[in-house]
Amino acid sequence: MFDWEAAWHAALYGPGGFFARGEKPSSHFRTSPLVGPELAAGLLELLSRVDAALGFPPVVDFVDVGAGGGELAFAVRSLASGSLAERLRVTAVEVGPFVELPGVRWTTSVPSCVGLLVGHEWLDAIPCPVVRGPSADPWITRWWPSLEDGSLAEVGAPRDAAWAAAVSSVRGAALAIDYGHLVSSRHFSVTGYRDGRQVPVVFDGSCDITAHVALDACAAAAGGDFVLVSQRDALAALGLTGEVGGSGWDWLESAARAGRIAELRSPAGLGAFGWLLHGRGVAVSDLLPALPPWRPNPARFSGD
């Protein structure tokens with residue numbers, strides 16, 4: 001029987017693997033940090049709320065897990081100001097070669113931290129076993145009961161374990177941002193990306209291999225105080241609404257910013273990403289107001 005998980009892991013992280021040799025996501029697909037500084041600005045606002053809820057500790061962490069080229073970590077470091085900037089420690093976690101960036105330290109494993117840990121499109125790159133229905137796998141029984149005979153499914157248990165471990169390392173808050181599905185909308189989704197295009201999956205290290213994340217299962221695995229909301233709603237709650245104002249150059253700059261925010265909040269695109277936020281020693285209600293629960297965008301199932 002073909003071992004999907006082992007082949008997937010070798011293709012991404014083994015010798016000569018896609019990420020192990022230093023390929024960066026920015027070279028192969030567009031992610032929210034590449035749209036502009038607005039995602040970092042929103043996360044910096046969230047970090048500020050975590051900081052306040054923790055009582056302004058002497059050192060406050062921003063940890064970017066699955067950091068790729070470090071774009072998000074560096075933007076957060078660059079945008080920080082005042083007391084927060086003076087106390088801020090930014091860590092990028094990545095398995096591939098590091099990129100030297102001012103104010104960003106790199107590591108290959110998730111550190112213990114006090115502040116905000118973010119896994120931005122990290123969980124979708126964690127390899128999973130793949131089974132064909134019918135399956136008696138316990139994870140499938142609980143989280144994919146609709147699996148039909150003959151159909152394939154990703155077993156999300158490795159992602160659940162990785163997320164639970166990451167959340168347990170934090171005092172403050174942990175946030176997973178990813179595309180995914182719920183138990184009511186499972187769909188086999190393993191696919192490849194290369195040079196900005198979706199491609200058939202091959203396990204030779206030539207492409208990124210990814211799949212939707214069962215965010216409800218990850219939430220249950222980590223437990224505690226959490227919410228699962230859309231990126232569209234979360235960014236608005238953090239002050240990114242894309243209003244245009246002023247005149248002359250100010251108007252042009254605000255219009256450009258509004259366009260970038262609109263892309264980040266588009267319900268047909270990045271705005272449909274799920275934000276899974278766990279509080280660890282702080283109340284999630286102190287970080288985000290009550291928001292509608294996340295619902296995956298069905299259109300993404302045919303394209304990712």
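Predicted model: local features only at pLDDT ≥ 70, side-chain atom pairs only at ≥ 80, totals over all residues.
Phe-56 is exposed, with a relative accessible area of 53%; by the definition used here, exposed means over 50% relative accessible area, buried under 20%, and partly exposed in between, with a 1.4 Å probe and protein chains only. Phe-56 sits in the loop between α3 and β1 (60–65). Helices (H or I, at least four residues) and strands (E, at least two) are DSSP runs, numbered from the N terminus. Phe-56 is not a glycine, yet its phi is positive, about 60°.

Residues are numbered from 1 along each chain as its sequence is written, and side-chain values use heavy atoms, with hydrogens and water left out.

Let me stay with the backbone for a moment. Most residues other than glycine have a negative phi, and most peptide bonds are trans. Glu-121, also not a glycine, has a positive phi near 50°. Glu-121 belongs to the loop between β4 (113–120) and β5, and at 14% relative accessibility it counts as buried. Where is the cis peptide bond with omega near 0°? It runs from Gly-133 to Pro-134, and Pro-134 is found in the loop between β5 (130–132) and α6 (138–143).

Leaving aside residues up to four places away in sequence, Phe-62 touches several residues, including Leu-43, Leu-47, Leu-72, Val-76, Leu-88 and Thr-91, where contact means heavy atoms within 4.5 Å.

Thr-91 leads us to the strands. Thr-91 stands opposite Arg-105 in β3. Strand β2 (residues 88–93) pairs with β3 in the parallel sense over four bridges; two strands pair if DSSP finds at least two bridges between them.

Finally, the aromatic rings. Eight aromatic pairs are found in a search of the whole structure. Rings of Phe, Tyr and Trp (its six-membered ring) pair if their centres lie within 6.5 Å; planes under 30 degrees apart count as stacked, over 60 as edge-to-face and the rest as tilted. Phe-2 and Phe-203 form a tilted pair, 5.5 Å centre to centre with 55° between the planes. Phe-2 lies in the segment before α1 (4–13) and Phe-203 in the loop between β10 (197–199) and β11 (208–210), so the pair ties together parts that are 201 residues apart in sequence. Phe-2 is partly exposed at 47%, and Phe-203 is partly exposed at 29%. The rings of Phe-98 and Trp-106 have centres 5.4 Å apart and planes at 20°, so this pair is stacked. Phe-98 is partly exposed at 41%, while Trp-106 is buried at 15%. One aromatic cluster is formed by Phe-2, Trp-4, Phe-188 and Phe-203.
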